[in-house]
Amino acid sequence: MKQPVEGEVDARLAARLAELRGERGWSLGELAERSGVSRSTLSRAERAEISPTAALLNRLCHVYGRTMSRLLSEVEAQAGPVPLVRAGEQGVWEDRASGFVRRSVSPPHPALRGELVEGRLAAGADLAYDRPPVPGLEQHIWVLEGALAVTAQDVEHRLDAGDCLRLRVWGPTRFRCTGDRETRYVLAVVLP
């Protein structure tokens, strides 16, 4: 499967966000109240006038009860669940505003509870989420290169290459690249 180009991903993501709201019969105002995101930002995201940030997508995933991986896999053109996704076919999404690049490593499957994601944060990048997409989400964060500070439940964990942190996410989290070069890590996510 050919990897979609950046503009195609943004357009498909915008269409899927509009579909999810429509499936629930919500107005932009209702979604704004539920997500804490302004109506104008939601409207612009649904029309692909802006590329949503990771924090914005996280808020919408929380409202829609799905992980970011599931949302992004719904955007990718696949005929259904597949057991193998080659490296060149793995979905990549970039939050240009924060310096975060996310690769969906696991083959997408709506019935399975675990998934692997590769994360890359540019030097100095700081990515904050105000809530988990699914409360009680289990995460394993394994740093492959660089240095990463992860804050959860008001506790900061400093990780270097080779270190692995396991936690359950109930509230805000923050990922910071603390070194002078990019940090690359694997995030294993398990639904509760």
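Select Trp26 and Tyr64: both are buried, where buried means under 20% relative accessible area, exposed means over 50%, and partly exposed lies in between (1.4 Å probe, protein chains only). The model is predicted, so local features need pLDDT of at least 70 and side-chain atom pairs count only at pLDDT 80 or more, whereas totals for chains, interfaces and linings use all residues. Residues are numbered from 1 along each chain as its sequence is written, and side-chain values use heavy atoms, with hydrogens and water left out.

**Stop 1: the rings of Trp26 and Tyr64**

Rings of Phe, Tyr and Trp (its six-membered ring) pair if their centres lie within 6.5 Å; planes under 30 degrees apart count as stacked, over 60 as edge-to-face and the rest as tilted. By this rule there are 3 aromatic pairs. One of them is Trp26 with Tyr64, a stacked pair with 5.8 Å from centre to centre and 15 degrees between the planes. Its two members are 38 residues apart: Trp26 is in the loop between helix H1 (6–24) and helix H2 (28–35), and Tyr64 is in helix H4 (residues 54–64). Helices (H or I, at least four residues) and strands (E, at least two) are DSSP runs, numbered from the N terminus.

**Stop 2: helix H4**

Of its 11 residues, 8 are buried, which leaves H4 mostly covered. The buried ones are Ala54, Leu56, Leu57, Asn58, Leu60, Cys61, Val63 and Tyr64.

**Stop 3: Ser35, at helix H2**

Ser35 is found in helix H2 and, with 1% relative accessibility, counts as buried. Show contacts (heavy atoms within 4.5 Å). Leaving out residues up to four places away in sequence, Ser35 touches Leu42, Arg59, Leu60, Val63 and Arg131. Then look at Val37: its backbone nitrogen lies 3.2 Å from a polar atom of the Ser35 side chain.

**Stop 4: the nonpolar core**

Which residues touch the most other members of the largest nonpolar core? Select Trp93, Leu121, Ile141, Leu148, Phe175 and Tyr185, out of the 44 residues in that core. A nonpolar core is a set of buried Ala, Val, Leu, Ile, Met, Phe, Trp, Tyr and Cys residues joined through side-chain atoms within 4.5 Å. H4 gives the most to this core, with 7 residues.

**Stop 5**

Centre the view on Phe175, which counts as buried at 4% relative accessibility. Tyr185 is buried too, with a relative accessible area of 3%. The ring centres of Phe175 and Tyr185 are 5.9 Å apart and the planes are at 20 degrees, so this pair is stacked. Phe175 lies in strand E9 (residues 173–177) and Tyr185 in strand E10 (residues 183–190), so the pair ties together parts 10 residues apart in sequence.

Next, select E9. Of its 5 residues, 4 are buried, so E9 is largely enclosed by the rest of the structure. Two strands pair if DSSP finds at least two bridges between them. Strand E4 (residues 126–129) runs antiparallel to E9, with 4 bridges joining them; here Tyr129 stands opposite Thr173. Strand E6 (residues 147–152) is also antiparallel to E9, through 5 bridges, and Val150 stands opposite Phe175.

**Stop 6**

Move along E10 to Val190, which counts as partly exposed at 28% relative accessibility. Val190 and Glu138 are 52 residues apart in sequence, yet 5.0 Å apart in space, C-alpha to C-alpha. Apart from neighbours within four places in sequence, Val190 is in contact with Arg113, Gly114, Leu137 and Glu138.

From Glu138, go across to Arg168, which stands opposite in E8. Strand E5 (residues 137–145) and E8 run antiparallel, joined by 6 bridges. Colour strand E8 (residues 164–169) by face: Leu165, Leu167 and Val169 make up the covered one, and Cys164, Arg166 and Arg168 the uncovered one.

How values were computed. A polar contact is a pair of N or O atoms within 3.5 Å; within protein, one must be able to donate a hydrogen and the other to accept it, and residues adjacent in sequence count only if both atoms are side-chain atoms.
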